[in-house]
Amino acid sequence: MNTSFKENYQWVNLIGVAAIYGYYFAKILPPAGRDVTAEQIVLFASLLVLLVVIHIIGAIVLIALARFKDPDPDERDRLVGLKARRSASWVLALGTAAGMAAAWFTEGNFWVMHTLLASMVLAQLAESATQVFYYRRGF
Amino acid sequence: MGKSVSHISNNIRALRFNHGEMTQLELAEKVGVTRQTVYAIEKNKYSPSLEVAFRIATVFGVPLEEVFEYKPDSGPG
């Protein structure tokens, strides 16, 4: 197997984040009111804890399955990381602009909060997907 | 997936074979990179920095041009 712990962990992150936040957004949309409710905050906090648990279990399983211990990141890892963060920063910038538009055009805090949350989630997905892409395709 | 994206090819696989069938892990440890990076370099999926390229050549005790070869696009003329 020529995939590293770092690459495999990005798969765990991609799947975990997509599943957890996908479920969250599926549950809360369409919104019941103009503001974020206490139930939504509780749901979000619960799913956040679940996401942390998924990450911990994923890391333990990957370490157990790894044939070799991964050394510290080398120059290729650092380059892949930089490319990934560049992708994520574009998504975050667009999401912030969308959040500002939501603040301008909608009433209450629901759409502003969730536009910003969605942009953070998408930025995280973009970062992981970019890493997986460059690790697999090369550059 | 797996398509070569570099104009730089290399003879690392043959050099490893000629040096007592050195493994990718052994080479990676001597050079100071991960085994996956050695694999990526061998498969032309990653062009290393000059420093890593020189370190690889030093491990095999050969000049850089015996490890790496640059093949520019063949333009007109």
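Which residues of α2(B) are buried? In this predicted model, the answer is Gln24(B), Leu27(B), Ala28(B) and Val31(B). Because these residues cover an arc of only 100 degrees around the axis, they sit on the same side of α2(B). An α-helix has 3.6 residues a turn, so residues three or four places apart point the same way. The face of α2(B) turned away from the buried side carries Glu29(B) and Lys30(B), which are exposed. The cover over the buried residues of α2(B) includes α1, α3 and α4 of chain B. After α2(B) comes Gly32(B), with a positive phi near 90 degrees.

Chain B has 77 residues, and 42% of them are buried. Among its contacts with a separation of 6 or more, 60% join residues 24 or more positions apart. Chain B exposes about 4,600 Å², of which carbon and sulfur atoms supply 52%.

A similar reading can be made of α4(B). Here the buried residues include Val52(B), Ala53(B), Ile56(B), Ala57(B) and Phe60(B). They lie on the same side of α4(B), because the arc they cover around the axis is only 140 degrees. On the face turned away from that buried side are the exposed residues Leu50(B), Glu51(B) and Thr58(B). The partners of the buried residues come from both chains: they pack against α3 (75-105) of chain A, and also against α1, α2, α3, α5 (64-67) and β2 (68-70) of chain B. Just after α4(B), Gly61(B) takes a positive phi of about 70 degrees.

In soluble globular proteins, nonpolar side chains tend to be buried together. The largest nonpolar core of this model has 23 residues, and those touching the most other members are Ile12(B), Leu27(B), Ile41(B), Ile56(B), Phe60(B), Val67(B) and Phe68(B). At least two residues of this core are supplied by each of α4 (110-137) of chain A and α1 (12-18), α2 (24-31), α3 (35-42) and α4 (50-60) of chain B. The largest share, five residues, comes from α4(B). A second, separate core of 15 residues includes Leu14(A), Phe25(A), Leu117(A) and Leu125(A).

Leaving aside neighbours within four places in sequence, Val67(B) is in contact with Ser9(B), Asn10(B), Asn11(B), Ile12(B), Leu15(B), Ile56(B), Ala57(B) and Val62(B). One of these partners, Ser9(B), is found in strand β1 (residues 8-10) of chain B. Ser9(B) counts as buried because its relative accessibility is 15%, under the 20% cut-off. With residues up to four places away in sequence not counted, Ser9(B) touches Asn44(B), Val67(B), Phe68(B), Glu69(B) and Lys71(B).

In chain A, Trp11(A) lies in helix α1 (residues 5-28). Is Trp11(A) buried, exposed or partly exposed? Its relative accessibility is 37%, so Trp11(A) counts as partly exposed. Apart from neighbours within four places in sequence, Trp11(A) is in contact with Val132(A) and Arg136(A). Between the C-alpha atoms of Trp11(A) and Ile56(A), which are 45 residues apart along the chain, the separation is 13 Å.

Methods. Residues numbered from 1 in each chain as written. Chains lettered and ligands numbered in written order. Predicted model: local features only at pLDDT ≥ 70, side-chain atom pairs only at ≥ 80, totals over all residues. Heavy atoms only, no water. Helix = DSSP H or I, 4+ residues; strand = E, 2+ residues; numbered from the N terminus. Buried < 20%, exposed > 50% of the residue type's maximum accessible area, 1.4 Å probe, protein only. Contact = heavy atoms within 4.5 Å. Core = buried A, V, L, I, M, F, W, Y, C linked by side-chain atoms within 4.5 Å. Areas by Shrake-Rupley, 256 points an atom, 1.4 Å probe, with all protein chains shown as cover. Arc of directions from axis to C-beta.
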